[in-house]
Amino acid sequence: MLGAGFGGLELSSLLSEAVGDEVEVTLIDRTDAFVFGFSKLDVMFGRTTPEEVRLDYADVAKPGVRLVKETVTAIDPEARRVTTDAGAYEADVLVIALGADYDMDATPGLAEGGNEFYSEAGAERLAGVIPEFSEGHALIGVSDAPFKCPPAPSECALLLHDALTARGVRDACRISFVLPLPSPVPPSPETSAALLKEFDERGIDFIPGRRVGSIDAERSVALLDDDTELAFDLFLGVPKHRAPDVVIESGITEGGYVPVDPATLRTRFEGVYAIGDVATAGVPKAGVFAEGAARVVARHLVAELGRGEEPGPYDGRGSCYIEFGEGRVGRVDIDFLSGPEKTGTFNPPSTELTAEKQEFGTSRRARWFGG
Ligand SMILES: Cc1cc2nc3c(=O)[nH]c(=O)nc-3n(C[C@H](O)[C@H](O)[C@H](O)COP(=O)(O)OP(=O)(O)OC[C@H]3O[C@@H](n4cnc5c(N)ncnc54)[C@H](O)[C@@H]3O)c2cc1C
């Protein structure tokens, strides 16, 4: 299994519980620790530290699962052979769960002049930059879609408003938000309307349907895809995403991601599955969908061993929590595959949902890392 993120951790946990006495799962990841996507916003706005949010892979102790810290350097999907910086593996079943990488070169100037907040390093860096920003124009800009966790840039705008308000400098600052999508959360008009209302009340300028094409770091200007120039004093960016290079080089991708049968997460290669952000399964790129896909693949593999029922098709359902600022958390319940239409049901912010988001993180931490 390649990648110990949301998808890989969920799948290996489920296989360990169900058939850990019978299978050998090798889970390969290049890093030492897992970090929830939403923790990056917490780090960036100084609500916690980078150390606090790192969940150490050394704590993963699951029967039948061996987690190795290696970098995958080549994948041969036909032979189900994986090469890493430390050796090679042959598998009966290969699951690619390597997530999405950031294509910094796709937005010239972003690496030099911008501050992206989608990586751990970017969020940590911004934790030092945001407290220094006290006047001028803050621009939150997304380079392209699809990108992870579609509500996250909206959350960033609202949390920035809070941070500036708390320091008493909001009146000296302008916040704008450029998004390639027509609305903040397109599958849920109600969620979008609620976020637009919040932007309006807080004086956040929302610029939909535009991409950030490049950043002129010297002039501190963002160039949008309609040739508009937006000058900024602080840029908070979301880079273009794509599958990791090693996946693209394996010849298994189309249009930047791994095509799969959305019902089964199978690729066109026998015994090879792709789950989560690396795959095109017709669902948004978010941890909850990687988890849901992992559940379907786990149940299928367990059924193949004669230890359970064959699962129904992947339903593409998942709930995403949304920070509305001032400690308020809402939720959107997405259903992309189970019915004839994509739906997104909005649950307005409430104290119950704030607690539920906490529980979401705590329960995964316990399930994947123990303790
Ligand atoms: C700011 C932000 C907020 C978010 N908020 C939410 C949220 O509230 N809810 C939600 O559900 N999702 C959220 N997400 C999205 C979520 O983090 C991702 O969609 C999710 O992690 C995808 O899971 P995955 O298993 O596909 O990939 P990942 O979790 O990204 O895991 C991929 C793993 O592969 C490893 N890897 C990559 N390349 C290699 C290689 N060559 N060799 C070895 N290992 C490699 C990586 O180290 C990584 O551990 C957010 C993301 C961001 C950035």
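## Basis of the model

Residues are numbered from 1 along each chain as its sequence is written, and side-chain values use heavy atoms, with hydrogens and water left out. The model is predicted, so local features need pLDDT of at least 70 and side-chain atom pairs count only at pLDDT 80 or more, while totals for chains, interfaces and linings use all residues.

## Aromatic pairs

A search of the whole structure finds 19 aromatic pairs. Rings of Phe, Tyr and Trp (its six-membered ring) pair if their centres lie within 6.5 Å; planes under 30 degrees apart count as stacked, over 60 as edge-to-face and the rest as tilted. Tyr57 and Phe369 have ring centres 6.3 Å apart and planes at 20 degrees, so this pair is stacked. Tyr57 lies in the loop between β3 (55–56) and β4 (65–69), and Phe369 in helix α9 (residues 351–369), so the pair ties together parts 312 residues apart in sequence. Helices (H or I, at least four residues) and strands (E, at least two) are DSSP runs, numbered from the N terminus.

Tyr57 counts as buried, at 8% relative accessibility. Phe369 also counts as buried, at 8% relative accessibility. Buried means under 20% relative accessible area, exposed over 50%, and partly exposed in between (1.4 Å probe, protein chains only). Ring pairs link a cluster that includes Tyr57, Phe369, Phe6, Tyr321 and Trp368.

## Charges over rings

Lys285 lies over the face of Tyr257, 3.9 Å from the ring centre. Lys342 lies over the face of Phe336, 4.8 Å from the ring centre. A charge sits over a ring if NZ of Lys or CZ of Arg is within 6 Å of the ring centre and within 35 degrees of the ring normal.

## Val23 in its loop

Val23 lies in the loop between α1 (6–19) and β1 (25–29). Val23 counts as partly exposed, at 24% relative accessibility. Leaving aside neighbours within four places in sequence, Val23 is in contact (heavy atoms within 4.5 Å) with Gly64 and Leu305.

## Helices α2 and α4

Helix α2 (residues 37–44) and helix α4 (residues 120–129) pack at an angle of about 20 degrees, with axes 7 Å apart. Axes are lines fitted to C-alpha atoms, for helices over the stretch in contact, and angles run from 0 to 180 degrees between N-to-C directions. The two helices, α2 and α4, are therefore roughly parallel to each other. Angles under 35 degrees count as roughly parallel, over 145 as roughly antiparallel, 65 to 115 as roughly perpendicular and the rest as oblique.

Lys40, Val43 and Met44 in α2 meet residues of α4, among them Glu120 and Leu126.
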